[in-house]
Amino acid sequence: MTFTVAIDGPAASGKGTIARAVAAHFGFAHLDTGLLYRGVGFRVMQGEDPLNAAENLVAEELKNPELRGAAVSQWASKVAVLPEVRAALLDFQRAFARRLGGAVLDGRDIGTVICPAAEAKLFVTASDATRARRRHKELLDHDPDITFDTVLSDLRERDRRDSERSAAPLVPADDAILIDTSDMSIDAAVAAAIAAIANRQ
Ligand code: CDP
């Protein structure tokens, strides 16, 4: 059987955590599509041509913990504006979505562009302050000097770039279920997501 769960939302909204928990619950495979753009951004940061980077990305390099850093986040959203980069990553994502046994993909354009026919679509949001607090906590492990204000302004800059671009902008699909995790525990957000998806089975 195939069953696709599309989970979109802005940076640090909780979509990755929800996607992993949902995949474990239903026994589906999970793809963090942001990691693909981070992989391309990392190569471009080192001087490679964006399209060349997207066409030659290999799974192994996506395990590099440096991809999670703040600098790579900005490079990821810069290369994500380029239609040719998005096109080069499309087939891999679509094939993953239709794999046998079910798949969960999280990103920005999964419910709108990659899998418009996904069986279940979620759009996960949270307030700017909540998202910056979460991301600041994560980034402090690797960069003890990073400030909350830097994280907040980086998130806002990236949200703006992701929402205003013409190729696959960050926008909820018309049929997506909205989950605002600002005042929710992780467990409550995961439970809400599981209930919404179970409804579509
Ligand atoms: O984890 P976080 O939400 O901070 O970001 P991410 O999901 O790893 O995505 C990094 C960047 O990749 C985003 O800011 C987007 O510009 C881009 N992206 C995208 O354009 N489309 C996707 N499906 C996933 C990520």
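**Questions about a predicted chain**

Colleague: Over how many bridges do strand E4 and E5 pair?
Modeller: Happy to start there, and please keep in mind that this model is predicted. Strand E4 covers residues 120-125, and its pairing with E5 is in the parallel sense. Along this pair, Phe 123 stands opposite Leu 178 in E5. The number of bridges between E4 and E5 is four.

Colleague: Which strands stand at the edges of the sheet?
Modeller: Let's walk through the sheet, which is open, has five strands and shows parallel pairing in the order E2-E3-E1-E4-E5. An edge strand has a single partner strand, so one side of it is left without a neighbour in the sheet. From one strand to the next, the twist averages 20 degrees. The edge strands are E2 (29-32) and E5 (177-180).

Colleague: Is Phe 92 buried, partly exposed or exposed?
Modeller: Phe 92 belongs to helix H5. Leaving out residues up to four places away in sequence, Phe 92 touches Leu 31 and Leu 36. Buried would need under 20% relative accessible area and exposed over 50%. At 47% relative accessibility, Phe 92 therefore counts as partly exposed.

Colleague: How far apart in space are Phe 92 and Ile 114, C-alpha to C-alpha?
Modeller: In sequence, Phe 92 and Ile 114 are 22 residues apart. In space, their C-alpha to C-alpha distance is 10.0 Å.

Colleague: Which element gives the most to the largest nonpolar core?
Modeller: This core has 20 residues, and Val 5, Ile 7 and Val 22 are among those with the most contacts inside it. Two or more residues each come from E1, helix H1 (15-26), E4 and helix H9 (186-198). With six residues, the element that gives the most is H9.

Colleague: Which residues does Val 22 touch, not counting those up to four places away in sequence?
Modeller: Val 22 is among the residues with the most contacts inside the largest nonpolar core, and so are Val 104 and Ile 197. Not counting residues up to four places away in sequence, Val 22 touches Val 104, Ala 193, Ile 194 and Ile 197.

Colleague: What covers the buried residues of helix H4?
Modeller: Helix H4 takes in residues 70-79. Its buried residues are Val 72, Ser 73, Gln 74, Ala 76, Ser 77 and Val 79. The cover over them includes helix H2 (34-45), H5 and helix H8 (148-164).

Colleague: What radius of gyration does the chain have?
Modeller: The chain, with its nine helices and five strands, spans about 45 × 35 × 30 Å along the principal axes of its C-alpha trace. With 201 residues, a compact globule would have a radius of gyration near 17 Å. The value for the chain agrees with that, at 16 Å.

Colleague: What percentage of the chain's residues are buried?
Modeller: A residue counts as buried under 20% relative accessible area. The accessible surface of the chain comes to about 9600 Å², and 54% of this belongs to carbon and sulfur atoms. Of the 201 residues, the buried share is 49%.

Technical notes
Residues numbered from 1 in each chain as written. Predicted model: local features only at pLDDT ≥ 70, side-chain atom pairs only at ≥ 80, totals over all residues. Heavy atoms only, no water. Pairing = 2+ DSSP bridges. Axes fitted to C-alpha atoms, helices over the stretch in contact; angles between N-to-C directions. Rg over C-alpha atoms; globule rule 2.2 N^0.38 Å. Buried < 20%, exposed > 50% of the residue type's maximum accessible area, 1.4 Å probe, protein only. Areas by Shrake-Rupley, 256 points an atom, 1.4 Å probe, with all protein chains shown as cover. Contact = heavy atoms within 4.5 Å. Core = buried A, V, L, I, M, F, W, Y, C linked by side-chain atoms within 4.5 Å.
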